[in-house]
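This report describes one protein model for a reader who has not seen it before. The sequence and structure come first, and the description follows.

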Amino acid sequence: MSDIKRVVIKVGTSTLTHETGKTNIRQMEHLVKVISDIANAGIEVALVSSGSIGVGMGKIGLDERPTDTASKQALSTIGQCELMFMYDKIFGEYGQSAGQLLVTKRDLDNDEAKRNLINTFEKLFSYGVIPVINENDAVAVEEIVFGDNDTLSAIVARLVQADKLIILTDIDGLYNDDPKENPDAKVIPVVTQITESLFEKAGGRGSKFGTGGMITKLQAAQIAMEADIDTVVCSGSDSELIYDVIEGKPVGTLFTTKEEYKRKQN
């Protein structure tokens, strides 16, 4: 496919669930199929998956995301079971094995814990297993209130020294204006420097089942760019786009520090 050897893919709650909060089985199966095919091509993939609280809401029939910590922690345990059951089942159908990693900010702040986490990633890759990562919402209070898996995906990309980070979301990329209010708004194809004006363009929250928005994706891209890791933010509605990203085709918004792109913009 390309010279990419290792990639981190982040999928958001809005991609994994219907408006009802129930699991979007077709989307999930299509995503797993593409990831399995990429793995068959020799590319190591780590999947950072949101959705535990959203799926938990759908599982027990809640229409609105609760605001209290205890409810969100309880929902995360319900939804995480469902998510991993589905991932394990579908990956198995395509001849792949998945391994779950639930991490907290504590794990990343502690040097010994971080080394152990890196060693676990490397061993999973050596076994040909696809790591499926989520924040450990059931015990990490601060992660539920302040955390998001966009940031986690960038941190994972740095930990495993990924060649590329792909963030799948419910829009096509970073727009130059609000596409809901301006029908002429266009996706910005390449960003080589994240500025305050970009953060201003990225205002707003995500779906009622998720926590993120474009702001968290900019923050994630910034973390990855500091490690010279290209990040692509694109629509998760068509998992086939992952092939295009890996092959270097223009999809969504590419965040890069590469000089060739900087020259094109100047």
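The model is predicted: local features need pLDDT of at least 70, side-chain atom pairs count only at pLDDT 80 or more, and totals for chains, interfaces and linings use all residues. Residues are numbered from 1 along each chain as its sequence is written, and side-chain values use heavy atoms, with hydrogens and water left out.

Helices (H or I, at least four residues) and strands (E, at least two) are DSSP runs, numbered from the N terminus. H4 has 25 residues and spans 36 Å from its first C-alpha to its last. This is close to the expected 36 Å at 1.5 Å a residue, where the expected span is 1.5 Å times one less than the number of residues. Just after H4, Gly95 has a positive phi of about 75°.

Axes are lines fitted to C-alpha atoms, for helices over the stretch in contact, and angles between N-to-C directions run from 0 to 180 degrees.

Two strands pair if DSSP finds at least two bridges between them. E1 (residues 6-11) and E5 (residues 164-169) run parallel and are joined by 5 bridges. Ile9 stands opposite Ile166 in E5.

Val232 is in strand E7 (residues 230-235) and is buried, with a relative accessible area of 4%. Leaving aside neighbours within four places in sequence, Val232 is in contact (heavy atoms within 4.5 Å) with Lys164, Leu165, Ile166, Ile167, Val245, Val251, Thr253 and Leu254. The C-alpha atoms of Val232 and Leu62 are separated by 33 Å, and the two residues are 170 apart along the chain.

| Helix pair | Axis distance | Angle |
|---|---|---|
| H8 (residues 149-159) and H10 (residues 214-226) | within 8 Å | roughly 10° |
| H3 (residues 52-60) and H4 | 6 Å | about 90° |

H8 and H10 are therefore roughly parallel (an angle under 35 degrees). Their contact brings Asp150, Thr151, Ala154, Ile155 and Arg158 in H8 to Thr216, Lys217, Ala220, Ile223, Ala224 and Glu226 in H10. The residues of this contact divide into 5 nonpolar (Ala, Val, Leu, Ile, Met, Phe, Trp, Tyr, Cys and Pro), 4 charged (Asp, Glu, Lys and Arg) and 2 polar (the others, Gly among them).

H3 is roughly perpendicular to H4 (65 to 115 degrees). Residues in the contact include Ser52, Ile53 and Val55 of H3 and Lys72, Leu75 and Ser76 of H4. By class, the contact of H3 with H4 has 7 nonpolar, 5 polar and 3 charged residues.

Most residues other than glycine have a negative phi. Gln161, in the loop between H8 and E5, has a positive phi near 55°. Gln161 is exposed (over 50%), with a relative accessible area of 67%. Asp228, in the loop between H10 and E7, also has a positive phi, about 60°, and is exposed at 52% relative accessible area.

Methods: Buried means under 20% relative accessible area, exposed over 50%, partly exposed in between (1.4 Å probe, protein chains only). Angles under 35 degrees count as roughly parallel, over 145 as roughly antiparallel, 65 to 115 as roughly perpendicular and the rest as oblique.
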